[in-house]
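Please look over the structure shown here.

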Amino acid sequence: MAGTAHAAGTLGAAAASSGRYFGAAVAASHLGESAYASTFDTEFNAVTPENEMKWDATEPSRGSFSFGSADQIVSNAQAHGMKIRGHTLVWHSQLPSWVGNLSASDLQSAMDNHITQVMTHFKGKIYAWDVVNEAFADGASGQHRSSPFQDKLGNGFIEHAFRTARSVDPDAKLCYNDYNIENWTDAKTQGVYNMVKDFKSRGVPIDCVGFQSHFGSSGPPAGFATTLANFASLGVDVQLTELDIAQAPASAYTSTVQACLSVARCTGITVWGVTDKYSWRSGDTPLLFDGNYGKKAAYTAVLNALNAGGATTPPTTPPTSPPTTPPTTPPTTPPPTSGPVCAASYAVTNSWAGGYQIEVTVKSTGTAALSAWTVLWNQPADQTVSQMWNAVQGTNGSLTTAHNTSYNGSVAPGASTTFGYLANSADAPASTLPMSCTIS
Ligand code: G3I
């Protein structure tokens, strides 16, 4: 913890103290530079190849695959026990010209083949893939941007890519990754949010959303933590995937790290480069190490923020035994009533020997919006709640309570929000656990 003798001395170890990773984008061509390699290997516990897994590097001409420099990064990461983010399978940029010249049906099979070949090559080694990168337009439209994929295959190309990716490597987490989606009210953020919500509601396989986080010198938007929490409440992990901040102000880095730490499902942070010397925006000196690999003030700020910890990540993989089928409560929704009214229902989203994970949905069932809510239930005495996210745990007599946080008390009529918790238990979770909801 911060300020104690137990504070970790590297970025990776400090992030690991709350179950997260702290990674960097690297270029294979710099790994032979000893200061670069030693700084990277010592400080970070995750990696994203900066360019080496992109389409122009892996399939420069049709059907001809080359993985040499990506393999170099993967081997180095494996030798140091690092997580690897795969970046990226389907992106309009760094796309060889032959792809853009294909007919629609040819493009579809080329895209399927590219995903299949690249994911198969790295199967078992990748923690998370950026399956689709930057598919939404900037500005006010909130729509997909024009690209060969969008223009020839239509909106469905994203869903198709995710379904294909899942079928190739069911163990890798599948992410959508984009920039300028950090501010909650932006049309682009809303467009991506609605896509993820739609995917989750229809069972399209998506596990995570990457927020690139290329910031100006003022750092993240004020509501960044809210954005992360809102996406996480859809049932996906969130990650900061390409963080860099112009001039690297320590305070801006601190607030960025704290935004991630405040959300249990924010599983890690990656900075987009090791040293200012090789940053894609080196003129902005946006990283944690200067051109001589000296630690900048931002480095110390990040280390301290990580050591201070935050909401702990819930386990995403049960330690033992396969997940049981989530039981759901019978419908408890009351008929529409005037004024604010809420109802709560829950599902078991994960269970293992020794515990389980619950997701609770709080629905606004009246004619007016909720401004606050509290869910109450009788938690079995031998099944203690060990962690809660997107709600504040309390008690009311013998009942366990969960009260909204500052960012999810407002729920429009007909809308819902979710929170989750983990319980330690030797028993299976209760198949029916009556929950009540009040509007205060
Ligand atoms: O490797 C060639 C080299 O042989 C050639 O001599 C040189 C001449 O220009 O170019 C080199 O390739 C460059 C490559 O980086 C490797 O350095 C490309 O021109 C250059 O365009 C490429 O830039 C990359 C950029 O993506 C391309 O879009 C950056 O390194 C990389 O940091 C950046 O990363 C992206 C993420 O993938 C997605 N999000 C935004 C982020 C920043 O733009």
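Predicted model: local features only at pLDDT ≥ 70, side-chain atom pairs only at ≥ 80, totals over all residues.

Residues are numbered from 1 along each chain as its sequence is written, and side-chain values use heavy atoms, with hydrogens and water left out.

Student: How many disulfides does a search of the whole structure find?

Tutor: A disulfide is a covalent bond between the sulfur atoms of two cysteines. Here a pair of cysteine sulfur atoms counts if they lie within 2.5 Å. Searching the whole structure on that basis, the number of disulfides is three.

Student: Which strand holds Cys208, the partner of Cys175?

Tutor: Cys175 and Cys208 are joined with an S to S distance of 2.1 Å. Strands (E, at least two residues) are DSSP runs, numbered from the N terminus. Cys175 lies in strand E5 (residues 173–178), and 33 residues away Cys208 lies in strand E6.

Student: Is Cys437 buried or exposed?

Tutor: Buried means under 20% relative accessible area, exposed over 50%, and partly exposed in between (1.4 Å probe, protein chains only). Cys437 has 15% relative accessibility, so Cys437 counts as buried.

Student: Why is the disulfide of Cys342 and Cys437 left-handed?

Tutor: The sulfur atoms of Cys342 and Cys437 are 2.1 Å apart. The disulfide is left-handed because of the torsion about its S-S bond, which is about -105°.

Terms used:
Helix = DSSP H or I, 4+ residues; strand = E, 2+ residues; numbered from the N terminus.
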